[in-house]
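Hi there,

Here is the structure I promised to pass on to you. Have a look at it first, and then read my notes below with the view open beside you.

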Amino acid sequence: MTAAPAPEAGIADGSLITVEAYQAAILAAISPLPPAGLELADAEGCVLAEDVTAAVSLPSFDNSSMDGYAIQAADTDHSSERKPATLPVTGEIAAGDTGTHRLTPGTAIRIMTGARLPAGADAVVPVEWTDGGSARVEIYRPVAAGNAVRYVGGDATAGETLLEKGARMRPMQIAVAASAGRKTVKVRPRPRVVVLSTGNELAEPGTPLVPGRIWDSNSYMIAAAAREAGAHSVRRSVVPDDPAGMLPALEAQLSHADLLVTTGGVSMGGEHDVVKAALRELGTVAFRKVAMQPGMPQGFGTLGDGRVPIFTLPGNPVSAYVSFQLFVRPAIAALQDSDDLRLPAVRAALAGAVRSPEGRRSYLRGVLSGDTVTPLSGQGSHQIAALGRANALIVVPEDVTRLPDGETVEVLVLP
Ligand code: AMP
Ligand code: MG
C-alpha cells in the first residue's frame, strides 16, 4: 500500500469533504494486489494482469458447422426437389477424427459438426437439405461453395490478442482463455475482505434478544456486498466496544486480509466511539466528515506493517450500505487494478417529492422502474426495512434541499 491520506490532511475536524474528494483520496491510497498465476478454474472474477493471445488460429482447421455431407459445391449446381443430385457416400468423419480424408469429385462424405473438412471438399450440405441417405445421398438444392464451412482463422488468427490486460475474467473470458490453450492466467486475484461489526448492543441473529440489544445485520450485509463486488469475504464475530480490546481485535485479522471493513463506533460522539478512538492514535487512519447523507462520519487508512487498507463505516445499516457502495466497492476494484465497479448512473423522473439537507448530497432509497424512480417512505438511516425494498439510490445534490414530483434526477442503480 502507498501512503494513506494523512489524517485530517489539511482539513479541520469539523469541515466537510465532498464525496468525490473522499473517493479520490481512497483510490490514491490503494495499490493493486500483486499478480498471481491462477488455474483457469480459479480465475473467475479476477482481473487479467497480462494480454491473452491466440496460441493457434481459431478455428485451427477448416471444419463443418453442420451435420451433413462434405461435397464439391459444383456437383449440386442443377439439383432441385424434383431433380436432386445423387452422390455416393464414401465415408464418415466425426468430430475429433484426426485421420486424413480426401473427397473424390462426384461423391459425398458424411460429416459431423466440428469435424475436419476433407481435402477436396469445398462445401457442406446440411442433412436437412438431403434425404439423409447412407450409401447414396439425394441433395435437393444447389449448395454454394463455402456453405457451412468454418475456415481456419475465421474467429481469430494465431498471435492475435484475444483478451486485454485489465479484462475481468467472467465466464466468457474464461472460455476465451481456455480456447487459446491457456491452463493458467496471470491475474489480480479476488481481494480477501474481512468484515467486523462493533458494538455492545449487537446480538448474533438466531440468539434471543433482550431489550436494549439488536441483531447484527451489518457484518452479514457488508460481507455479502463484498462478495457481490467480486471479493472473497469473511465476517468475524461481533467486536465489543472495549477500548483496550479493539485494536488487537482488528490487528488479529491482518494476516489474512487484503482489506478490512468495520461498522460502528465512528460517530461524532465521545468515548463510546471505540473504533475511532483506537485507530486515531495510530495516525494511519483518517476520520472525516463527508458531505453526504446517510454516511457522514467515515474513516479510512491503513493498518499494520503490511499497510492493509481499512474502512471504518458508520454503524447505521443504511449508512453502512451506502458507504460500502460508494467507497468500498471501487476500492475492491482498485485492489484488482480495475475501475469497473462504480454503480451505473441513469436519469429518471421522480414519482414523489423529496427533501434533502442543505450542503449534503443525499442518497435516498428508491425503486427504479423504467425511467421513473419512486422514493421509498422511511428514509432514516436506521430504516433497514425500506432498504430491503430499494433497488436504486436517488442522488440529490448538495445545494438542493427539495425536488418536486416529476423532476428529473440522477439515480445510481444498485447491484
Ligand atoms: P454507531 O455508529 O456505533 O454509533 O451506531 C449507530 C447506530 O447503528 C446505532 O443505532 C447502532 O445500534 C446501529 N448499529 C451499529 N452496528 C450495527 C450492526 N452491526 N447491525 C445493525 N445495527 C447496527
Ligand atoms: Mg456503536
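Let's start with a pair of helices. Helix α3 (residues 218-228) packs against α6 at an angle of about 30°, and their axes are 10 Å apart. Since an angle under 35 degrees counts as roughly parallel, α3 and α6 are therefore roughly parallel to each other. The crossing of α3 past α6 is right-handed. On the α3 side, the contact is made by N218, M221, I222, A225, A226 and E228, while α6 brings P317, A320, Y321, F324, Q325, R329 and I332. Sorted by class, the residues in this contact of α3 with α6 are nine nonpolar, two polar and two charged. Please keep in mind that this is a predicted model.

Now for the second pair, which involves α6 again. Helix α1 (residues 19-28) and helix α6 (residues 317-335) pack with their axes 10 Å apart, at an angle of about 30°. That makes α1 roughly parallel to α6. Here too you can look for the handedness: α1 passes α6 in a right-handed crossing.

Next, the ligand. How many residues surround ligand 1? There are 16, and the closest are E201, D216, G265, S267 and G315. E201 has a polar side-chain atom 2.6 Å from an oxygen atom of ligand 1. In D216, an N or O atom of the side chain is 2.7 Å from a nitrogen atom of ligand 1. The backbone takes part as well: N316 has a backbone N or O atom 3.1 Å from an oxygen atom of ligand 1.

Finally, some backbone details in the loops:

- The peptide bond from L58 to P59 is cis, with omega near -15°. You will find P59 in the loop between β4 (52-53) and β5 (63-64).
- Another cis peptide bond runs from Q293 to P294, with omega near 0°. P294 sits in the loop between β20 (292-293) and β21 (297-303).
- A148 is not a glycine, yet its phi is positive, at about 60°. Look for A148 in the loop between β10 (136-139) and β11 (149-150).

Enjoy exploring, and send me any questions that come up!

Best wishes

Key: Residues are numbered from 1 along each chain as its sequence is written. Chains are lettered from A and ligands numbered from 1 in the order in which they are written. This is a predicted model: local features need pLDDT of at least 70, side-chain atom pairs count only at pLDDT 80 or more; totals for chains, interfaces and linings use all residues. Side-chain values use heavy atoms; hydrogens and water are left out. Axes are lines fitted to C-alpha atoms, for helices over the stretch in contact, and angles run from 0 to 180 degrees between N-to-C directions. Helices (H or I, at least four residues) and strands (E, at least two) are DSSP runs, numbered from the N terminus. Angles under 35 degrees count as roughly parallel, over 145 as roughly antiparallel, 65 to 115 as roughly perpendicular and the rest as oblique. A crossing is left-handed if the near helix is turned anticlockwise from the far one by less than a right angle, and right-handed if clockwise. A residue is near a molecule or strand if one of its heavy atoms lies within 4 Å of it. A polar contact is a pair of N or O atoms within 3.5 Å; within protein, one must be able to donate a hydrogen and the other to accept it, and residues adjacent in sequence count only if both atoms are side-chain atoms. Contact means heavy atoms within 4.5 Å. Ala, Val, Leu, Ile, Met, Phe, Trp, Tyr, Cys and Pro count as nonpolar, Asp, Glu, Lys and Arg as charged, and the others, Gly among them, as polar.
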